[in-house]
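Please keep the sequence and the model in view while reading.

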Amino acid sequence: MFNKKLNFLLDKKLPVIVTGYSAGAIIGLMVCKLLTANNYNVVEWVGFGCPRGFFGPRSFKHPVTSYKFGNDIV
């Protein structure tokens with residue numbers, strides 16, 4: 001079902017950049033894994049205030065950039 005909905009919404013030939021803040025950032029990391037596994041053209045993930053994830057940057061084929069701001073508690 002996941003793949004059918006994505007095929008309707010996204011073109012696999014177009015580049016995809018996933019981004020999010022806090023919980024949205026960690027969800028974005030998981031979505032990157034799903035998109036990559038389904039052959040979508042993920043070119044980068046950018047997270048802001050992302051909690052520690054269970055994927056390290058080495059497990060991605062594209063750039064992974066995480067920003068944390070001074071007093072952000074995550």
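Two residues are said to be in contact when heavy atoms of the two lie within 4.5 Å.

## Basis of the report

The model is a predicted one, in which local features need a pLDDT of at least 70, side-chain atom pairs count only at pLDDT 80 or more, and totals for chains, interfaces and linings use all residues. Residues are numbered from 1 along each chain as its sequence is written, and side-chain values use heavy atoms, with hydrogens and water left out.

The predictor's confidence in each residue is given by pLDDT, on a scale from 0 to 100. For the protein the mean pLDDT is 78, and 72% of the residues reach 70 or more. Confidence is lowest in helix H1 (residues 2-9), where the mean is 67, and highest in E1, where the mean is 91.

## Overall architecture

The protein contains 2 helices and 3 strands, arranged along the sequence in the pattern α-β-α-β-β. Helices (H or I, at least four residues) and strands (E, at least two) are DSSP runs, numbered from the N terminus. Among contacts between residues at least 6 apart in sequence, 58% join residues at least 24 apart.

Of the 74 residues, 27% count as buried. In this report, buried means under 20% relative accessible area, exposed means over 50%, and partly exposed lies in between (1.4 Å probe, protein chains only). The protein exposes about 5,300 Å², of which carbon and sulfur atoms supply 62%. Accessible areas come from the Shrake-Rupley method with a 1.4 Å probe, and for residues only the protein chains shown count as cover.

## The nonpolar core

A nonpolar core is a set of buried Ala, Val, Leu, Ile, Met, Phe, Trp, Tyr and Cys residues joined through side-chain atoms within 4.5 Å. The largest such core in the protein has 12 residues, namely Val16, Val18, Ala25, Ile26, Leu29, Cys32, Leu35, Tyr40, Val42, Trp45, Cys50 and Phe60. At least two core residues come from each of strand E1 (15-21), helix H2 (23-37) and strand E2 (41-48). Helix H2 gives the most to the core, with 5 residues.

Tyr40, a member of this core, also has Lys12 over the face of its ring, at 5.1 Å from the ring centre. A charge sits over a ring if NZ of Lys or CZ of Arg is within 6 Å of the ring centre and within 35 degrees of the ring normal.

## Contacts of the strands

Ile17 is found in strand E1. Is this residue buried or exposed? With a relative accessible area of 54%, Ile17 is exposed. Leaving aside its neighbours within four places in sequence, Ile17 is in contact with Val43 and Glu44. The C-alpha atoms of Ile17 and Pro63 are 9.9 Å apart, although 46 residues separate the two along the chain.

Thr65 lies in strand E3 and is partly exposed, at a relative accessible area of 23%. Beyond its neighbours within four places in sequence, Thr65 is in contact with Glu44, Trp45, Val46 and Gly47. Between Thr65 and Trp45, which are 20 residues apart in sequence, the C-alpha distance is 6.2 Å.

## Residues in the loops

Which loop holds Ser22? Ser22 belongs to the loop between E1 and H2. Its phi is near 60°, a positive value in a residue other than glycine, and at 22% relative accessibility Ser22 counts as partly exposed. Asn39 sits in the loop between H2 and E2, and its phi is near 65°, again a positive value in a residue other than glycine. Asn39 is exposed, with a relative accessible area of 58%.

Asp11 is placed in the loop between H1 and E1 and is partly exposed, at 35% relative accessibility. Asp11 and Asn41 are 30 residues apart in sequence, and 8.8 Å apart in space from C-alpha to C-alpha. Pro51 lies in the loop between E2 and strand E3 (64-67); at 28% relative accessibility, Pro51 also counts as partly exposed. From C-alpha to C-alpha, Pro51 is 7.2 Å from Ala23, and the two residues are 28 residues apart in sequence.
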